[in-house]
Amino acid sequence: MLDAARLRRATTDDAADVAEVYLISRRAAAPYIPRVRHTDDDVREWVASIVLVEREVWVAVIDDRIVAIAVLRDDFVDLFYVLPGHQRRGVGTRLLAQCKRQRRVLRLYTFQSNEPARDFYEKHGFRAVAFGDGTGNEEGEPDVLYEWRG
Ligand SMILES: CC(C)(COP(=O)(O)OP(=O)(O)OC[C@H]1O[C@@H](n2cnc3c(N)ncnc32)[C@H](O)[C@@H]1OP(=O)(O)O)[C@@H](O)C(=O)NCCC(=O)NCCS
């Protein structure tokens with residue numbers, strides 16, 4: 001069943017909720033991606049003072065709860081996370097479609113080990129354009145640069 005998510009731009013009032021979606025979803029993805037190299041409080045502070053102030057943030061809302069986040073910076077999707085209980089129900093597809101409406105080109109990095117996300121992006125027309133050995137990200141894990149052109 002598809003979730004009837006509503007999409008909207010996030011505001012600074014959403015900082016705590018956006019940070020929670022990132023922390024919870026990223027933690028649940030531990031089998032595929034390394035853990036965050038910052039404390040939860042540092043992440044909350046970064047989301048409130050940098051992400052929601054300087055980036056373009058879109059959220060999917062179900063029953064007044066933010067269940068997914070997309071953070072755009074120039075042509076890059078910096079963060080893309082759906083809460084575990086709402087995954088594989090079309091929310092990510094809808095949020096990614098919104099990102100595509102905002103840009104003619106989108107790029108993003110994901111970890112090479114993140115097979116579910118790679119499958120998801122490839123289904124939506126992204127193609128791998130560069131493979132990194134991990135020296136380019138703070139976790140030090142091999143990554144892949146994906147690109148989509150509308
Ligand atoms: C990857 C992610 C963003 C996709 O969003 P979503 O709402 O679950 O995706 P949709 O329901 O729109 O699309 C589902 C497709 O995504 C892929 N996918 C998502 N979760 C998956 C999983 N756990 N295992 C395998 N494939 C998965 C599959 O291709 C799936 O299609 P299928 O159900 O027909 O097999 C989401 O699962 C997520 O937040 N994952 C954890 C965090 C993450 O890795 N974010 C990306 C960082 S770059």
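**View 1. R73, at 32% relative accessibility, counts as partly exposed.** Partly exposed lies between buried, under 20% relative accessible area, and exposed, over 50% (1.4 Å probe, protein chains only). The model is predicted: local features need pLDDT of at least 70, side-chain atom pairs count only at pLDDT 80 or more, and totals for chains, interfaces and linings use all residues. Residues are numbered from 1 along each chain as its sequence is written, and side-chain values use heavy atoms, with hydrogens and water left out. The side chain of R73 meets that of D78 in a salt bridge, 2.7 Å from N to O. A salt bridge here is a side-chain nitrogen of Lys or Arg within 4 Å of a carboxyl oxygen of Asp or Glu. D78 is also partly exposed, at 29% relative accessibility. A network of salt bridges links R73 and D78 with E54 and R55.

View 2. In the whole structure, a search finds 12 salt bridges. R8 is partly exposed, with a relative accessible area of 24%, whereas D14 is buried at 8% relative accessibility. R149 is exposed, with a relative accessible area of 53%, while E147 is buried at 11%.

**View 3. D143 is buried yet has no salt bridge.** The residue lies in strand β7, which covers residues 143-149. Strands (E, at least two residues) and helices (H or I, at least four) are DSSP runs, numbered from the N terminus. The nearest side chain of opposite charge to D143 is R118, 9.8 Å away. For charge, Lys and Arg count as positive and Asp and Glu as negative, while His and the chain ends are not counted. Leaving aside residues up to four places away in sequence, D143 touches Y109, T110, F111, Q112, A130, F131, G132 and N137. Contact means heavy atoms within 4.5 Å.

**View 4. Helix α1, residues 15-28, has 14 residues.** From its first C-alpha to its last, α1 reaches 20 Å, close to the 20 Å expected at 1.5 Å a residue. The expected span is 1.5 Å times one less than the number of residues in the helix. A15, V18, A19, V21, Y22, L23, S25 and R26 are buried in α1. The buried residues of the helix pack against α2 (40-54), β2 (56-62), β3 (65-73), β4 (76-82) and β5 (105-111).

**View 5. The largest nonpolar core holds 48 residues.** Such a core is a set of buried Ala, Val, Leu, Ile, Met, Phe, Trp, Tyr and Cys residues joined through side-chain atoms within 4.5 Å. V59, I69, F80 and F126 touch the most other members of this core. Strand β3 gives the most to the core, with seven residues. The contacts of I69, not counting residues up to four places away in sequence, are V18, V21, Y22, W58, V59, L79, F80, Y81 and L95.

**View 6. L95 sits in helix α3, residues 91-102.** At 0% relative accessibility, L95 is buried. Apart from residues up to four places away in sequence, L95 touches L7, W58, V59, A60, A68, I69, A70 and F80. The C-alpha atoms of L95 and R73 are separated by 15 Å, and the two residues are 22 apart along the chain.

**View 7. Helix α4, residues 115-123, has A117, R118 and Y121 buried.** Seen down the helix axis, the buried residues of α4 fall within an arc of 100 degrees, so they line one face. The arc is that of the directions from the helix axis to the C-beta atoms. On the face turned away from this buried side are the exposed residues E115 and K123. The cover over the buried residues of α4 includes β4, α3, β5, β6 (127-132) and β7. Just after α4, G125 takes a positive phi of about 90 degrees.

View 8. Most residues other than glycine have a negative phi. D63, although not a glycine, has a positive phi of about 50 degrees. D64, likewise not a glycine, has a positive phi of about 65 degrees. D63 is exposed at 76% relative accessibility, and D64 is exposed at 78%.
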